[in-house]
Amino acid sequence: MGIIYLMLIVSLVIALFFLLGFFWAAKTGQYDDDYTPSVRILFDDEKQSNTNTEANGSTEV
Amino acid sequence: MSSKSCYHCGDEIIGKSHTFDNKEFCCNGCKSVYQLLSDSGLDSFYSLEDKPGVKPAASNDYKYAFLDVENIRKKFIDFEDDKTIHITLFLPQIHCSSCIYLLENIHKIDERIQSCQVNFARRQASLVISRELKISELSGILDAIGYAPNFGSKSEQKKKRNNKYLYKLGVAGFAFGSIMLWSFPEYLGIEEDNPEFRNFTSYLSFAVSVPVILYSANEYLISAYKALRFKSLNLDVPISIGILALYIQSAYNIFAGLGPGYMDSFAGFIFFLLIGKWFQSKTYDSLSFERDYTSYFPVAVTRFRNEEESIVEIDQLEIDDELLIRNMEIIPCDTILLSDEAKIDYSFVTGESVPIEKKKGDFIYAGGKLLGQKSRFKVEKESNRSHLTQLWNEAGSEASKDKNTGDKLSVYFLLAVLIIATLTGALWFFIDTSRVTEIVVSILIVACPCALALSKPFTFGNTMRVLGRKGLYLKNTSVIPRINTVTDIVFDKTGTLTTGSSNHVIYDGDELSQDDIHRILVLANSSTHPLSRSIVSYLKEKSADNSAELINFQETGGEGIEGIVDGLEIKIGSAKFTHPEAHTPSNETASHISINGTYKGRFIFESEFRPGIWELLNELNTSFDIHILSGDKNKDQELILDHTNQLKGILFEQSPKDKLNYISQLQNDGKNVLMIGDGLNDAGALESAHVGIAVSEDIFRFTPSSDAIIEASQLNKLKRFLRTSTASKKVLLICYIFSIIYNIVGLSFAITGNLTPLIAAILMPLSSISIVLISTLFTSSNR
């Protein structure tokens with residue numbers, strides 16, 4: 001039966017961990033814009049270089 | 001007729017198209033954006049969405065020069081070090097996923113831009129650029145690809161969504177979930193056998209409930225305390241009584257070793273209430289309803305002093321300063337014209353897009369946009385004292401509008417609860433004296449108007465969203481009850497009932513041959529000027545073929561356009577531009593035509609009433625009193641009277657002040673006025689009216705401060721919008737009935753002494769969730 005006390009404490013700690021995660025997410029503005037990231041993830045990866053490679057790096061969708 | 005459309009912006013191509021890479025474009029601007037993008041390897045811009053481009057507007061080289069003045073520059077950048085500058089810009093043209101793609105890959109166009117992150121909801125881009133790139137150049141690059149940054153007022157861009165409710169909600173949700181978990185044995189009725197374990201979970205529940213009452217619920221308690229201190233009541237008073245009764249009773253149970261009490265209900269209760277608050281606080285981030293005159297005026301202008309030219313911010317201008325205003329710049333204060341003549345476009349102020357000609361020595365009000373040659377002006381009044389800005393100061397404060405109507409309800413509610421509690425207490429005194437406190441407390445708990453408090457935010461919040469989807473954007477939910485009490489509707493005419501641009505075209509002059517019509521069409525099509533667009537749409541129907549070659553095209557700002565089409569020199573523009581020798585000034589808006597130096601005739605433009613506007617006025621007339629106020633001369637009076645019947649009032653030549661006074665007069669007669677206008681000259685009236693709705697062709701651009709913004713194309717559906725808004729009243733009533741039924745059920749448990757924590761834990765979420773469902777379903781079906 002004693003184990004149940006430990007389990008309760010552990011569950012509380014885990015829940016607290018998630019609460020802190022939520023605070024962090026809200027604080028870093030992850031709930032500010034719920035549209036852009038959903039679009040951004042669909043963009044094709046292109047060569048991320050600043051040395052203007054020729055246009056053949058781009059892909060046709 | 002071919003109906004090709006531009007590969008970049010999707011506009012119809014009239015006349016010879018501009019071809020590049022086998023793609024067809026409507027104008028040079030679009031073509032050059034395409035060239036730039038394809039050179040930079042950004043072709044995907046065109047494959048993500050069909051024809052996503054924005055036609056770049058004409059601009060001048062000096063437009064962004066003010067950004068290089070050190071103390072102005074500092075105001076706009078977020079952060080800088082030796083190598084980089086971080087800056088956030090408001091780009092109102094962002095409208096689709098291709099825009100996001102383009103802007104986030106903008107480093108391919110200019111490698112001095114290191115990164116860019118778009119916030120679509122706020123139409124903002126956060127850029128990191130290297131120090132070699134001036135802010136003015138950056139703005140120029142963005143402008144060239146069609147995303148002109150808006151430097152309006154800084155406060156507008158800086159606003160950040162308030163995360164307060166999110167944090168509070170997180171805490172309450174955390175406590176709610178945890179306590180429910182620990183109360184599970186309690187729900188199953190197996191707790192009695194193990195008092196030690198039961199005490200342990202009770203104390204845990206108490207521990208997590210402390211932040212809920214101190215942090216999550218503090219707003220309700222503070223608001224109730226304030227109300228009581230000022231000897232008034234609001235709905236937060238009965239809520240706070242319920243919360244406190246619930247909390248104190250539970251805490252007592254826990255410390256007396258009687259079990260966890262109602263802590264689960266308590267945390268859930270706060271959780272649901274906060275969801276309502278959070279839902280209500282969500283508004284349209286990218287729209288601004290609070291604009292004052294500073295957002296219309298340029299940030300800085302060019303000043304001459306002691307023969308020296310410098311760029312200064314407008315609030316540093318003094319009387320008798322000399323200003324240099326360039327083509328397309330806005331005049332920031334009341335001034336006197338020093339140059340010989342100038343053309344001023346007052347469309348931001350009056351809604352009338354036809355420019356007005358001014359002569360040397362004329363007094364010029366602030367807010368006009370200069371067209372054509374750069375001109376000099378002398379400051380007569382400082383910017384914040386100008387005629388226009390005075391209007392804002394006179395309109396009075398917003399506070400008087402928000403008279404709380406919910407107060408009566410809370411008074412009745414509280415009275416009923418107190419009476420029931422007293423009577424029941426007295427009754428139980430005779431039945432079982434030891435249980436009186438417990439019963440009275442449980443009555444206070446169950447009577448807490450949680451569901452009632454949720455009805456309003458959800459009903460109004462949903463109504464606001466339904467309206468927003470259809471093109472009427474409300475500032476916040478408190479506008480809805482105000483709309484529902486409107487008795488009189490006042491319309492501005494120019495720009496509101498009529499379209500802002502002069503669309504209706506009449507030709508007056510020598511007969512034009514089919515070839516000539518064709519040549520004029522091709523030339524006019526090369527210009528983005530609104531009058532050129534009107535000519536194009538007028539002539540399009542009259543011309544069959546459209547593939548002539550245009551060379552030597554030239555546009556003179558404020559004057560006209562010229563070019564050689566099929567070997568003939570065509571000029572379209574002001575009378576002075578086309579035939580300087582026979583120039584007689586007139587009041588009408590017209591574009592004159594000359595072909596090879598011979599004067600042909602003129603196109604006369606008249607403003608056009610919006611489609612469906614007469615039907616709207618007549619529909620509204622059945623339930624409201626309609627008034628029309630116009631700043632113009634009364635040329636359209638007969639037209640309006642022909643199409644409508646029994647308007648309450650129709651007045652012409654109304655100054656902004658007259659409009660404001662007219663509204664105040666109506667309000668003094670006890671009317672609730674809905675004002676619909678568009679220009680800055682309506683700003684005072686919009687502000688002082690019960691509800692002010694600004695009409696806008698482009699909702700992200702210039703609108704005077706108002707309670708709501710409506711898309712111009714949706715104005716004819718106003719009646720339906722008002723009906724949707726009124727329907728919310730019925731939904732609210734249904735919600736009230738439901739929540740009162742829940743209260744009665746709960747009370748019957750409490751009065752009979754049967755309100756166990758388990759029943760409370762079932763009843764409370766059930767009522768909250770069903771209210772949310774009812775209000776969502778009904779408001780969404782009511783369209």
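**View 1. Chain A has 2 helices and 0 strands.** Helices here are DSSP runs of H or I with at least four residues, strands are runs of E with at least two, and both are numbered from the N terminus. What you see is a predicted model, where local features need pLDDT of at least 70, side-chain atom pairs count only at pLDDT 80 or more, and totals for chains, interfaces and linings use all residues. Residues are numbered from 1 along each chain as its sequence is written, while chains are lettered from A and ligands numbered from 1 in the order in which they are written. Of the 61 residues in chain A, 5% are buried (20 or more other C-beta atoms within 10 Å of a residue's own; 12 or fewer makes it exposed, anything in between partly exposed, with C-beta atoms placed from the backbone).

**View 2. Here chain A touches chain B, with 25 residues from chain A and 26 residues from chain B taking part.** Being in contact means that the C-beta atoms of two residues, placed from the backbone, lie within 7 Å. On the chain A side, helix 1 (2-27) and helix 2 (36-40) each bring at least two residues. Helix 1 of chain A gives the most, with 9 residues. Sorted by class, this side of chain A has 14 nonpolar, 6 polar and 5 charged residues (nonpolar: Ala, Val, Leu, Ile, Met, Phe, Trp, Tyr, Cys and Pro; charged: Asp, Glu, Lys and Arg; polar: the others, Gly among them).

**View 3. In chain B, 3 strands make an open antiparallel sheet in the order 12-11-14.** Strands pair if DSSP finds at least two bridges between them. Strand 12 (356-359) and strand 14 (369-371) of chain B are the edges, each pairing on one side only. On average, neighbouring strands in this sheet are turned by 40° against each other, direction ignored (axes are lines fitted to C-alpha atoms). Strand 11 (residues 341-345) of chain B is joined to strand 12 by 4 bridges, and Ala342(B) sits opposite Lys358(B) of strand 12.

**View 4. Asn22(B) has a positive phi, near 65°, without being a glycine.** Most residues other than glycine have a negative phi. Look for Asn22(B) in the loop between strand 1 (18-20) and strand 2 (23-25) of chain B. Asn22(B) counts as exposed because it has 6 C-beta neighbours inside 10 Å.

**View 5. Asp320(B), not a glycine, has a positive phi of about 75°.** You'll find Asp320(B) in the loop between strand 8 (308-313) and strand 9 (322-325) of chain B. Asp320(B) has 10 other C-beta atoms within 10 Å, so it is exposed.

Conventions
Axes fitted to C-alpha atoms, helices over the stretch in contact; angles between N-to-C directions.
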